[in-house]
Amino acid sequence: MDVRFAKETELERVNELRKQVNDLHVAGRPDIFKPGFSEELANHVYTIFSDPDQKIVICERDGVLCGFAVLHHIHKPENPFMYERDFLDIDEFCVDEAYRRTGVATELIAFIRSHAKTQGYDRIELNMWEFNSGALAFYEAVGFTTYRRYMEMRI
Ligand SMILES: CC(C)(COP(=O)(O)OP(=O)(O)OC[C@H]1O[C@@H](n2cnc3c(N)ncnc32)[C@H](O)[C@@H]1OP(=O)(O)O)[C@@H](O)C(=O)NCCC(=O)NCCS
């Protein structure tokens, strides 16, 4: 298994996985997510790729790109409530359906942790949708804990 940063030529394949995530989000919250995979959503991968604050990590197994993550460097300046914060946010994360439960995502997280440590970060953060119980089980299995919640009341 090879985990590394993506090449531009691999972004179309990354988009196939991004579509899997979007479909999952549409199924879970059709009131929030737009169905399909618009040209705008597809092209956004090139914006991510060329942004110096973002990086795309991929996992390749037997020549197949089977998982990816988008890393985003976030800097929050100090404000009257909070100290300055600087952390690595995992913005998007997916393993191809055909490769799930074979340790791909665990390898991606190991790479991301090691990269974050090398870059001097002391925290990795992410947010996820409550309906996505599989993702929650995975994130908890690799050591993430919940430190903040979004709540809602349907009217
Ligand atoms: C969540 C996701 C990334 C996990 O990827 P994966 O490569 O299958 O995960 P791993 O094989 O490394 O799993 C490691 C451990 O996490 C836990 N785990 C992973 N997926 C799980 C699931 N669906 N249900 C329960 N536990 C799960 C298990 O403990 C697993 O170990 P085991 O297989 O020995 O029991 C993958 O299911 C996925 O891409 N889902 C769709 C997209 C998504 O939800 N992305 C994240 C939110 S944007």
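I began at the end of α4 and looked up the residue that follows this helix, which is G143, with a positive phi near 110°; helices (H or I, at least four residues) and strands (E, at least two) are DSSP runs, numbered from the N terminus.

I note that this is a predicted model, in which local features need pLDDT of at least 70 and side-chain atom pairs count only at pLDDT 80 or more, while totals for chains, interfaces and linings use all residues. Residues are numbered from 1 along each chain as its sequence is written.

I then checked burial in α4 and found that zero of its nine residues are buried, so α4 lies largely in the open; a residue is buried if 20 or more other C-beta atoms, placed from the backbone, lie within 10 Å of its own.

Next I turned to the ligand, which 19 residues surround, the closest being R100, A105, T106, G134 and A137; a residue counts as near if its C-beta atom, placed from the backbone, lies within 6 Å. I found that α1 (11–28), β4 (85–95), α3 (104–118) and α4 (133–141) each supply at least two residues of this shell, and that α4 gives the largest share, five residues.

Methods
A residue is buried if 20 or more other C-beta atoms lie within 10 Å of its own, exposed if 12 or fewer, and partly exposed in between; C-beta atoms are placed from the backbone.
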